[in-house]
Amino acid sequence: MSVRRNQVCNPRSGSDRGILALTLVALLFGLSATSARADEKGWVLSQKSTTLGDQYMYISPNGLKCVNPRIGVAMVTHAPDWNITMFNDKTRSYYQTTLDGYKAKLAQRGLTSDLASRQWTRATSGTIAGMKATQYVMRGGTIVRNSRNGAKTSSVSAADYWVSDDIQVPSRLGELLSSAYGLPMTQNVPLRLESTDAKGPHNMLETFSMQVANIPTGYFNCPAGYKAVTSEAEVMMNDEQKQMFEDMSKDMGGGLEAPRQAAPRAAAPQQAAPASGGNDPLSKLLDAYKKQSK
């Protein structure tokens with residue numbers, strides 16, 4: 001099976017999401033046993049994450065591509081430097097940053113959690129989306145972190161975390177995935193994360209389906225001819241949204257910092273609507289959208 005470049009599909013909802021999603025992937029991404037040259041064995045996962053939204057994840061030992069088909073945004077990274085490139089197929093724009101810069105931005109916007117600091121215990125084995133998986137569990141109250149106002153207590157009291165036994169990645173890629181999901185460092189790809197807090201249980205990550213595919217090395221690069229911009233906020237927006245952002249900024253007396261224009265950074269892959277709360281332009285944009293929709 002092979003993967004062709006720059007084609008996306010819309011995820012489907014419901015209990016049959018996994019089967020339908022992979023069917024669409026097969027049709028629209030050109031997964032065919034007789035098609036183009038294959039560079040290396042890889043995997044295609046369809047997932048839903050509270051952090052990253054609906055996405056298709058393409059993984060090989062040398063690269064990662066996450067596609068959010070709803071908004072046409074993708075994130076790619078590959079060996080040896082594992083720098084992050086985020087691009088928009090609809091506006092043909094892209095933004096680049098280093099892996100460490102990306103991780104810092106995730107932390108700044110509160111997209112990471114303190115789960116990585118908790119005490120995890122290996123539990124049982126099972127199968128998720130046809131893959132052998134290992135479960136890790138966390139039980140036991142809260143932890144305290146330092147903040148500007150002193151002690152801050154987390155409300156997550158329990159969590160269950162499943163990783164793939166079949167898909168192992170290089171340590172730098174493992175750092176990226178653990179940062180994106182706020183989980184302990186592992187070289188196994190996360191498949192499911194369920195947590196419990198004062199409001200009850202939450203399914204934070206779910207993998208619906210998996211397909212083995214041969215992925216060309218170039219699939220983990222930004223397409224040629226795209227325009228560099230200076231922030232991930234610009235990549236996330238289409239032209240109409242950019243104008244709306246500017247208009248809202250004017251209405252609020254310039255309180256919002258409109259994205260500048262010119263060159264690098266990347267957001268959590270295929271990220272339709274990440275959590276906000278930081279001071280960077282993307283966080284302000286997301287906060288503004290929430291106010292506008294009320």
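Strands here are DSSP runs of E with at least two residues, and helices are runs of H or I with at least four, numbered from the N terminus; two strands pair if DSSP finds at least two bridges between them. Threonine 121 sits opposite valine 137 of β8. Two residues lie between the strands of this hairpin, and alanine 129 has a positive phi near 55°.

This is a predicted model, in which local features need pLDDT of at least 70 and side-chain atom pairs count only at pLDDT 80 or more, while totals for chains, interfaces and linings use all residues. Residues are numbered from 1 along each chain as its sequence is written, and side-chain values use heavy atoms, leaving out hydrogens and water.

The pLDDT (the predictor's confidence in each residue, from 0 to 100) averages 74 over the protein chain, with 61% of the residues scoring at least 70.

Where pLDDT is low, the predicted coordinates should not be read in detail.

The largest nonpolar core has 35 residues, and Met57 and Leu64 have the most contacts inside it. Such a core is a set of buried Ala, Val, Leu, Ile, Met, Phe, Trp, Tyr and Cys residues joined through side-chain atoms within 4.5 Å, where buried means under 20% relative accessible area (1.4 Å probe, protein chains only). Elements giving it two or more residues include β1 (40-49), α2 (99-108) and β8.

Conventions. Buried means under 20% relative accessible area, exposed over 50%, partly exposed in between (1.4 Å probe, protein chains only).
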